[in-house]
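Biologist: I would like to go through this model step by step. Please keep the answers plain.

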Amino acid sequence: MTFRTIMEPFRIHSVEPIRMSTREERSACLEAAGFNLFRLRSEDVAIDLLTDSGTGAMSRDQWAGIQRGDESYAGSPSWFRFEAAVKHLFPYEHVIPTHQGRAAERILFSQIAGPGKTIPNNTHFDTTRANIEFTGATAVDLVIAEGRDPASEHPFKGNMDLAALELVLETADVPVVFMTVTNNAGGGQPVSLENLAGVRALCDRFGVPLFLDACRFAENAYFIKTREPGQAGREIEHIVREMASYADGMTMSAKKDPMANIGGWLALNDDELAERCRTMLILTGGFTTYGGLAGRDLEVIAQGLEEAVQEDYLRYRVRSTAYLADALAAAGVPVVRPTGGHAVFIDARALLPHIDPLEYPGHALAVALYREGGIRACEIGTVMFGRRPDGSEEAAPMDLVRLAIPRRTYTQAHFDYVAEVVAYVAAQAEELRGLEITHEPRQLRHFTAAFSPIR
Ligand code: F0G
């Protein structure tokens with residue numbers, strides 16, 4: 001007998017209290033934080049769905065790795081365990097450890113980007129785009145049209161538009177093509193092996209390297225296994241290695257699928273570029289066998305990589321995300337379809353059509369979810385992406401609110417609570433109002449901007 005319930009494939013071993021608060025307390029917290037959820041104290045949050053990055057629960061064996069960590073400055077056994085675990089899945093020649101994903105991005109783009117260059121991606125995440133633009137280069141998003149349509153049921157909405165990529169490769173100076181797996185900013189949507197092979201073929205034709213932004217590689221591989229024809233019988237590890245085989249390197253945040261609280265890496269085959277990147281690492285991050293991490297962090301990542309590709313875990317992971325999305329859809333809340341791996345994305349522009357994109361419907365919804373239920377989510381829309389490098393402002397392609405699910409952290413009852421709060425807020429959608437920005441920095445404004453509600 002196969003039972004229908006896909007339960008958490010773990011028991012809870014240590015617990016953290018959640019502090020309950022009242023609506024009045026949360027309203028005061030919002031005022032104090034300039035209506036920016038990044039500026040809240042996390043103790044004032046009941047269910048924290050701001051990010052799935054670094055917020056997962058570590059396993060018994062990861063905690064054991066903390067004890068095993070060897071803190072030798074150079075050549076520690078923890079480094080060799082980390083390097084072997086990375087190369088087992090991603091057999092690139094050079095592995096360069098970094099303290100998180102954006103450090104790998106900064107090192108790589110400092111070497112290959114710069115004024116006049118164009119770097120295509122299915123969809124750049126915010127730090128990737130910002131690191132590219134910081135060098136004076138241009139970041140372009142070339143996801144397929146279905147990837148921009150929240151309602152489309154296409155199974156691989158993270159795929160690259162090959163015709164659009166070909167045009168960019170013909171007309172622009174492209175030092176590297178990137179593919180983000182899964183496509184975070186586009187709704188946590190996967191990329192198929194077929195599409196990766198197609199991108200590879202174009203890169204070969206134009207002699208341009210292909211890199212993966214591989215933060216959620218295991219979730220992407222699970223979607224390939226369950227959605228791509230002919231893949232159902234394969235082991236996740238094999239699919240991951242095939243994904244890796246299409247690329248010449250990768251940037252990685254170990255805070256996502258590897259379930260570490262910190263860490264990342266840059267991996268690549270090009271010897272000469274690797275040497276330049278290692279020099280940058282020593283200059284800014286640390287020696288080449290720790291890269292700004294402690295030896296114990298390297299152990300945690302090595303162990304996490306083994307756990308990330310276990311199928312029981314991935315089945316539970318993808319199912320629990322879909323469970324929340326299904327509950328919201330049943331309550332009539334417009335969510336991005338099909339459900340991605342690490343998050344449920346609410347289509348705030350569809351839920352709040354009376355709020356102009358430049359009055360930030362996604363942000364208005366995120367603020368309401370916190371005020372009513374203590375849930376912290378993240379706007380992925382015009383606040384995050386609306387300011388152009390030339391200073392002008394325009395609506396982002398979509399105004400989404402991301403409920404990111406930390407790995408192994410919340411139970412089904414927590415998801416039931418979240419669904420109830422979202423349905424309650426959605427039922428009063430017409431009463432929500434937009435916000436205006438009263439202060440913003442020059443780049444990455446969503447992290448620190450201050451807002452004021454439009455009365
Ligand atoms: N690339 C993608 C696709 C990401 O989602 C992130 C981080 C990074 C790169 C940067 O990695 O945080 O380790 O420096 N995303 C987090 C999020 C912050 O909430 O989605 P990092």
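Modeller: This is a predicted model. One place to begin is strands E9 and E12, which pair in the antiparallel sense over five bridges.

Biologist: Which residue of E12 is the bridge partner of Ile-346?

Modeller: Strands of a sheet pair through backbone hydrogen bonds, either parallel or antiparallel. E9 and E12 take the antiparallel form. In E12, Ile-346 is bridged to Val-401.

Biologist: How many bridges join E11 to E12?

Modeller: Strand E12 covers residues 400–404, and E11 runs antiparallel to E12. The number of bridges joining E11 to E12 is three.

Biologist: Which strands stand at the edges of this sheet?

Modeller: The sheet is open and has three strands in the order E9-E12-E11, with antiparallel pairing. A strand at the edge has a single partner strand, so one of its sides is left without a neighbour in the sheet. The twist from one strand to the next averages 35°. The edge strands are E9 (343–347) and E11 (378–380).

Biologist: How many of the five residues of E12 are buried?

Modeller: Leu-400, Arg-402 and Ala-404 point one way from E12, and they are buried. Val-401 and Leu-403 point the other way and are buried too. E12 is therefore largely enclosed by the rest of the structure, and the count of buried residues is five of the five.

Biologist: Which helix lies across E9, E11 and E12?

Modeller: The helix covers residues 361–373 and runs at about 40° to E12. Its name is H14.

Biologist: At what angle do the axes of H14 and H16 cross?

Modeller: Helix H16 covers residues 412–427, and its axis comes within 10 Å of that of H14. H14 passes H16 in a right-handed crossing. The axes cross at roughly 115°.

Biologist: What classes of residue make the contact of H14 with H16?

Modeller: H14 contributes Leu-365, Ala-368, Leu-369, Glu-372 and Gly-373. H16 contributes Tyr-417, Val-421, Val-422, Tyr-424 and Val-425. By class, the residues are eight nonpolar, one polar and one charged.

Biologist: Turning to another helix pair, how does H8 lie relative to H9?

Modeller: Helix H8 (residues 217–227) and helix H9 (residues 236–245) pack with their axes 9 Å apart, at an angle of about 110°. Angles of 65 to 115 degrees count as roughly perpendicular. H8 is therefore placed relative to H9 as roughly perpendicular.

Biologist: Which residues of H9 make the contact with H8?

Modeller: The H8 side consists of Phe-217, Asn-220, Ala-221, Tyr-222, Ile-224 and Lys-225. Across both helices, the contact residues divide into eight nonpolar, one polar and one charged. Those of H9 are Ile-236, Ile-239, Val-240 and Met-243.

Biologist: Is Asp-213 buried or exposed?

Modeller: Asp-213 is in strand E6 (residues 210–213). Not counting residues up to four places away in sequence, Asp-213 touches Glu-105, Thr-128, Phe-178, Met-179, Thr-180, Val-181 and Thr-251. The cut-off for a buried residue is under 20% relative accessible area. Asp-213 has 4% relative accessibility, so Asp-213 counts as buried.

Terms used:
Residues numbered from 1 in each chain as written. Predicted model: local features only at pLDDT ≥ 70, side-chain atom pairs only at ≥ 80, totals over all residues. Heavy atoms only, no water. Axes fitted to C-alpha atoms, helices over the stretch in contact; angles between N-to-C directions. Helix = DSSP H or I, 4+ residues; strand = E, 2+ residues; numbered from the N terminus. Parallel < 35°, antiparallel > 145°, perpendicular 65-115°, else oblique. Contact = heavy atoms within 4.5 Å. Nonpolar A, V, L, I, M, F, W, Y, C, P; charged D, E, K, R; others polar. Buried < 20%, exposed > 50% of the residue type's maximum accessible area, 1.4 Å probe, protein only. Pairing = 2+ DSSP bridges. Left-handed = near helix turned anticlockwise from the far one by under 90°.
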